[in-house]
Structure formats: C-alpha cells, structure tokens
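Thanks for coming, everyone. Please take a look at the model on the screen, and then I'll walk you through some of its contacts.

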Amino acid sequence: MKQLKETARKIKSMEIRGAGRIARAAARELLEYSQRISGDDIDDFNKKMTFAAEMLIGTRPTAVSLPNAIRAVMRYKGGTIDEARKDIKKLAEGFITGSENAVKRIGEIGARRIRDGDTIMTHCNSSAAISIMAEAHAQGKDISVIATESRPRLQGLLTISQLDNLGIKTSLIVDSAVRYFMKEVDLVVMGADAVTVNGSIINKIVTSQLALAAHESRKNVIIAAETYKFSPRTLLGELVKIEERDSSEVLGNEKLSRLPYVRVRNPAFDVTTREFIDLICTEVGAIPPEMAYIIIREFLGWGIEELNSKQGFY
Ligand code: RI2
C-alpha cells in the first residue's frame, strides 16, 4: 500500500509526468502491487486490484493513456491468485514494452515528414514528439528546433536539455512568442495527452494557440500520439476532462496570500480541433485526425458494445 500511494503521489505531483510515462508507471505499479497482495482469497485480491486501479486513475484526469493502460492490465483473468498474477504480469509487461516500441516507431514514421534544413517548433515535453526529431537528426538531417518554455511547469526546459544532449540546435522562447516566430518555422511537432473520437487533440495549454498560429501561416502541424492516447469514452459522447491544477504553480502561495481578491486559473491542457492538425503520427501509421474512430475501434479494441456493457474496468 505504501508503494502504491507513493506512485500515485508522484504521478499527481508530476514527479512522474508525460502522458506515456505515467501510463507505463501505472501499469508497472499494478504489476508490482499484485505481487505484494497477501492472502489467498481471489475475491479479496480482485477487490484490492480494483482499489489500486481506482487510486491510480484518480491521480490525473486528462491524459487518457493512464486509464487506457490501467484498463489494459485490469482485463486480467484467473480463477486463482497465481493465475491472476501471471496474467497481470503478461498484460502489464506487454503494455510497457508495446508503449516503448510505439514511441520508437512513431519516431521512424514521423521523421519521414522532416526535411533536411527544417526548423521545427515544439511545445512542452513530449517523448513521442522528441522521438521524431531525434530520428530525423540521427538520419543526418540538419534540423533546428524552437521550443517553448511551457509555463507554468517549464517542461520546455526538459525538452531543450534532451535536444541539446542529442546535439540538436535549439532556441528557447516564451510561450507568448509562438506567433512571432512562426515565420521561421517549417512545421510544428507536438505530443498529445488525449485524442478524441472526432480527431481533436488535448495537449499542454498553449497548444491550440500554437496550432492556430501555424494554420494562419499555412504551416503543417504533426501530432505524435501512441494509439493508447486515443479516448474510447469519447465514443460514448463523453468529453475529456481538462485538469485544472493548483494556483500556486502560477504565482506561488506566498504572493497569493497577499492578494486576497485575486483568483488564479491554471488549466493544464487545451483542446485543438482537427482543422488545425495535418496529421496524427501513431505507431500504426500517420493518419488524418478524421480517422481517430478507426484507431479506437481497430487498434484499441474498444467498441461501443463493450463500452456500454458494465463489464470490465472503467
Ligand atoms: P509524451 C505531457 O503532459 C505534455 O502535455 C506532453 O505533450 C504530453 O504529456 C505527451 O507526452 P504533462 O504530464 O507521452 O507534462 O509524448 O502534463 O511524453
């Protein structure tokens, strides 16, 4: 229980962050938690697993990779605890390896869209988006990157240091300078926390403004997103919940306590509609956003029947 709570805390506080990384961390935690459950009553085991899954799902509401990873593991079967543990191990390890391979494959597919000499704008810190840039660079293409700071958590600093380690020329800009620099950009490459059935993208706040500025300048926007970032529940008409994080991330507690009439709003994500997205680069291919339904149905394996039924873990 202590380790489960600690993993949940780390995801919530963003010590473990990035839509793909939190999904893998949750799958790993469920696997390890299943090994630690004591007793020999399978019903009790199942109840404890459900409790752990709910705790992990509750940590961050927007990145759909998290519930998708948890559902993938919670589909385990087994009449005995031993069988259940074996199946959980297989499912969790399968998810983690599949996820790591997906990020690599997205790099290979996406790099084909990058030409020698391109300047790419990116936002926040996405492993899938960086995989594309890293692969293009590894292929010998001379690229440079304009990376946003990504207020308020400054994930852009992670991006510039990762790109710097790879030897990629990078300029850091404040978020509000995205339109100013758009004229220097050839294409935009960003990640996603969720993709809805109608092809909208939910990603770090500012993404929609950046995509709008790119659209205005006729620059292509490529979204790097593994198939488990697609949201099956949007098929039921549900909206993806946008996480609003603590105001202290923006101003700090001390400053706020001196301004009693001020309220700080801190949404972590925004929604970019499909008109502003050229391509979603997944591990099963580069698709137009209009094809999101096919991914949910064919590759995630979630049909409306299964979603409507009360079976399975949601
Ligand atoms: P990968 C991050 O969310 C960013 O919004 C990033 O674009 C997205 O997850 C995808 O990241 P946060 O955890 O899965 O920083 O591509 O809030 O690494």
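**Helices and rings**

Leu-4, Lys-5, Thr-7, Ala-8 and Ile-11 of helix 1 meet Phe-51, Ala-52, Met-55 and Leu-56 of helix 3. Contact here means heavy atoms within 4.5 Å. Helices are DSSP runs (H or I, at least four residues), numbered from the N terminus.

A word on the source. This is a predicted model, where local features need pLDDT of at least 70, side-chain atom pairs count only at pLDDT 80 or more, and totals for chains, interfaces and linings use all residues. Residues are numbered from 1 along each chain as its sequence is written, and side-chain values use heavy atoms, with hydrogens and water left out.

Back to that first pair. Helix 1 covers residues 2–12, and it packs against helix 3 at an angle of about 20 degrees, with the axes 9 Å apart. Axes are lines fitted to C-alpha atoms, for helices over the stretch in contact, and angles run from 0 to 180 degrees between N-to-C directions. Helix 1 and helix 3 are therefore roughly parallel (angles under 35 degrees; over 145 counts as roughly antiparallel, 65 to 115 as roughly perpendicular, the rest as oblique).

Next, helix 4 and helix 5. Their axes are 8 Å apart, at an angle of about 150 degrees. That makes helix 4 roughly antiparallel to helix 5. Ala-69, Ala-72 and Val-73 of helix 4 make the contact with Ile-88, Leu-91, Ala-92 and Phe-95 of helix 5.

Now the rings. Rings of Phe, Tyr and Trp (its six-membered ring) pair if their centres lie within 6.5 Å; planes under 30 degrees apart are stacked, over 60 edge-to-face, the rest tilted. How many aromatic pairs does this rule give? The count is three. One of them is Phe-45 with Tyr-76: the centres are 6.2 Å apart and the planes at 85 degrees, so the pair is edge-to-face. Phe-45 is in helix 3, Tyr-76 in the loop between helix 4 and helix 5, 31 residues apart. Buried or exposed, Phe-45 and Tyr-76? Both are buried (under 20% relative accessible area; exposed is over 50%, partly exposed in between, with a 1.4 Å probe and protein chains only).

Tyr-180 and Phe-181 also pair edge-to-face, with centres 5.0 Å apart and planes at 85 degrees. Tyr-180 is exposed, at 56% relative accessibility. Phe-181 is partly exposed, at 21%.

Notes
Helix = DSSP H or I, 4+ residues; strand = E, 2+ residues; numbered from the N terminus.
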